[in-house]
Amino acid sequence: MKIKVAIIGDFQDGKSTLINALSGQFRAETGWGTATTSRVEEYPLPGTDCILLDTPGFNAPRVGDCPSTYSGVQDADAFILLLSQVQATDNLLDEVQRCMKMGSKGRRPIIPLINDRDRNNRAIQDISIAKMHRRGFHPILFGNEIPCFNARRWEKGRQDEDDYVGIRRLQYLLGIHPFRVPSPLTLICSMMRITQQVIHALTNTQIR
């Protein structure tokens, strides 16, 4: 089963750089200070069941970029939420909630990732995790922590071991590993689909 994973977040938060880091090669155009992604672009991950969706960003400056994000993620099976700050803002979570309501797939898995801002502050991480739980997002975490990577360091080829740890965790989740088995995220998406179908069937039965 192929799954689409949309990378969402604010403008200039390193979404395209993340795609290149996960792919291990330069595939998505990147840049700082200027908009490089004007519409949702698909990037299949070789050897996996996943297709990454690069998005313009919620607060992109060009007219039409933000609506393009909303329309382009309707068919997404899961989301990677890129945070430019450790603490998720209410405005950003409002946008994520809006994405969740797009299309007919209902609630979907969400994987938060921090673009290296005060990443060792666990107290602020806990605030972000609590905010997401209050909104019913149930984020996928690693040891109850949000993984991190630094987009600017990665762009310059100066990534450190902490950056690699965050990327490797996501790569494992997406199925980028030597074992030719479905990715863990594929299994999670399948289980959520089955659960929603069962709930829908039970609800219809009760109504009748």
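**View 1. The buried residues of helix α4 are Gln125, Ser128, Ile129, Lys131 and Met132.** Here, buried means under 20% relative accessible area, exposed means over 50%, and partly exposed lies in between (1.4 Å probe, protein chains only). Seen down the axis of α4, these buried residues fall within an arc of 160 degrees, so they line one face of the helix; the arc is that of the directions from the helix axis to the C-beta atoms. Their cover includes β4 (78-83), α3 (90-101) and β5 (110-114). Helices (H or I, at least four residues) and strands (E, at least two) are DSSP runs, numbered from the N terminus.

This is a predicted model, in which local features need pLDDT of at least 70 and side-chain atom pairs count only at pLDDT 80 or more, while totals for chains, interfaces and linings use all residues. Residues are numbered from 1 along each chain as its sequence is written, and side-chain values use heavy atoms, with hydrogens and water left out.

**View 2. Just after α4 comes Gly136, with a positive phi of about 80 degrees.** The helix itself covers residues 122-134.

**View 3. Cys99 is buried, with a relative accessible area of 0%.** Cys148 is buried too, at 11%. How many disulfides does a search of the whole structure find? The search finds zero, where a disulfide is a pair of cysteine sulfur atoms within 2.5 Å.

**View 4. Arg169 sits in helix α6 (residues 161-174).** Arg169 is partly exposed, with a relative accessible area of 30%. Leaving aside neighbours within four places in sequence, Arg169 is in contact (heavy atoms within 4.5 Å) with Phe142 and Pro147. The C-alpha atoms of Arg169 and Phe142 are separated by 7.8 Å.

Terms used. The expected span of a helix is 1.5 Å times one less than its number of residues.
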